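I open this notebook to record what I looked up in one protein model. The entries follow the order in which I consulted the structure.

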Amino acid sequence: MSTVRVIGVGRTFGEGGKACVALDDCTFEAAGGEIVGVVGPNGAGKTTLLRLLAGDLGLTSGEALIGGFRVGTRAARRLVGYAPDPPIAPLELSGIEWLTYLASHHAGGPAARLTMVRGAVEIGGLEEFAGRRIAEYSRGMAQRLALAAAAMIGCGVLLLDEVLSGVDPLIGRRLRASIAGIATQGRLVVIASHDLATLERLATRVLVLWRGRIVADVTTAALLTERVAELSLNGSGLPRVAWLLDRFPGAVRTGDGVAIPLSGGLTIEAVLAACRSERIAVSASRLRYRALEDVLLAAVCEPEGG
């Protein structure tokens with residue numbers, strides 16, 4: 001079964017005064033056919049969450065299930081394909097040799113093994129270098145091999161950690177298509193990434209992690225129904241950013257101004273009128289759809305907009 005169920009999960013490293021909370025009371029559910037993005041600043045807990053689901057880490061508290069089986073059990077591991085960051089593979093082997101070795105533990109015979117390896121090569125776009133030693137791979141090549149291996153053995157759930165970062169645009173398009181195709185087969189994909197623009201196009205849903213907690217859970221489809229007023233400020237307007245952040249809930253600081261979500265009937269005209277009444281100089285304004293970056297910043301920034 002391609003399902004993940006996480007209930008009140010916590011993970012702490014160390015003990016006593018030196019204890020570090022990596023995950024804190026995380027709860028969510030996801031099912032086959034979904035592509036769930038996991039985003040957040042460095043240290044937010046993204047990799048810890050994936051390693052926990054893969055069974056590489058134990059839980060400090062709570063419960064996590066893969067296909068109804070407790071994470072870390074043999075039954076749960078058999079459903080999961082995990083592509084870690086950085087990728088891990090024996091450097092002395094070629095890509096084909098590594099995939100063949102992995103397939104030998106999952107295929108029913110030589111014919112099935114060959115089919116699995118061929119499919120993995122296609123998913124990762126490895127045709128040009130699959131026969132080369134992994135020691136010669138660039139980072140992008142190694143990430144593509146990790147994705148191929150995870151897709152080959154993860155019959156239920158794929159856990160992908162930054163597999164799309166740093167790949168060239170053409171290959172990136174192919175890999176996104178491969179991941180989307182995997183989801184249409186009924187498998188669940190959970191992908192952690194700093195590439196918000198890619199997740200907007202690829203993911204069906206995104207979890208925002210901040211200091212080990214899930215602070216937002218949004219569908220990417222919902223972003224296309226929400227608008228944002230983006231204001232550029234200059235002169236006397238810049239010192240009044242704090243007033244705008246306080247006046248409009250969900251507003252976040254941008255490079256030279258603010259981005260204000262238009263919800264509850266709020267319009268850009270009303271925002272500009274408020275600026276005029278407060279003598280806040282607006283040098284430029286535009287209306288756009290809400291972006292995943294807006295969600296992330298609103299979830300993790302302090303009230304002052306820092």
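Entry 1: I worked on a predicted model. The structure has one cavity of 30 Å³ or more. I then listed the residues that line the largest cavity: Val228, Gly250, Val252, Ala259, Ile260, Pro261, Arg290, Asp294 and Ala298. Which elements each supply at least two residues of this lining? I noted β13 (257-262) and α11 (292-300). The largest share, three residues, comes from β13.

Entry 2: I turned next to open space. The largest pocket contains about 580 Å³. I recorded that 24 residues line the largest pocket, and that Val80, Tyr82, Pro84, Leu102 and Ile153 are the closest to its centre. Two or more lining residues come from each of α1 (46-54), α2 (74-77), β6 (80-83), α3 (95-104) and α5. Among these contributors, I marked α5 as the one that gives the most to the lining, with six residues.

**Entry 3: the chain as a whole.** I noted eleven helices and 14 strands in the protein chain. Along the principal axes, I found that the C-alpha atoms fill a box of roughly 75 × 45 × 35 Å. The chain has 306 residues, of which 48% are buried. I also looked up the contacts with a separation of 6 or more: residues 24 or more positions apart account for 70% of them.

**Entry 4: helix α6.** I examined α6, which covers residues 169-184 and has 16 residues. From its first C-alpha to its last, α6 reaches 23 Å, close to the 22 Å expected at 1.5 Å a residue. Its buried residues are Ile171, Gly172, Leu175, Arg176, Ser178, Ile179, Ile182 and Ala183. Why do the buried residues of α6 line one face of the helix? Seen down the axis, they fall within an arc of 160°, so they line one face. I recall the general rule that an α-helix has 3.6 residues a turn, so residues three or four places apart point the same way. On the other side of α6, I listed Pro169, Leu170, Arg173 and Thr184 as exposed.

I then traced the packing partners of the buried residues of α6. These are the strands β3 (35-39), β7 (157-161) and β8 (188-192), together with the helices α4 (110-124), α5 (139-153) and α7 (196-202). I note that α5, a partner here, is also the element that gives the most to the lining of the largest pocket.

**Entry 5: the ends of α6.** At the N-terminal end of α6, I found aspartate 168 as the cap. A side-chain oxygen of aspartate 168 lies 3.1 Å from the backbone nitrogen of leucine 170. Just after α6, glycine 186 takes a positive phi of about 100°.

**Entry 6: serine 193.** I looked up serine 193, which is found in the loop between β8 and α7. Is serine 193 buried or exposed? I recorded it as buried, because its relative accessibility is 4%, and buried means under 20%. The side chain of serine 193 reaches the backbone nitrogen of aspartate 195 at 2.9 Å. Leaving aside neighbours within four places in sequence, I listed Val38, Val39, Glu162 and Leu199 as the contacts of serine 193.

Definitions and conventions: Residues are numbered from 1 along each chain as its sequence is written. This is a predicted model: local features need pLDDT of at least 70, side-chain atom pairs count only at pLDDT 80 or more; totals for chains, interfaces and linings use all residues. Side-chain values use heavy atoms; hydrogens and water are left out. Helices (H or I, at least four residues) and strands (E, at least two) are DSSP runs, numbered from the N terminus. The expected span of a helix is 1.5 Å times one less than its number of residues. Buried means under 20% relative accessible area, exposed over 50%, partly exposed in between (1.4 Å probe, protein chains only). The arc is that of the directions from the helix axis to the C-beta atoms. Contact means heavy atoms within 4.5 Å. A polar contact is a pair of N or O atoms within 3.5 Å; within protein, one must be able to donate a hydrogen and the other to accept it, and residues adjacent in sequence count only if both atoms are side-chain atoms. On a 1 Å grid over the protein atoms alone, a cavity is a set of points where a 1.4 Å probe fits but cannot get out, and a pocket is an open set with protein on both sides within 12 Å along at least five of seven lines; lining residues have an atom within 4 Å of a point. Grid points are joined across faces, edges and corners, and a volume is the space filled by probe spheres set on the points.
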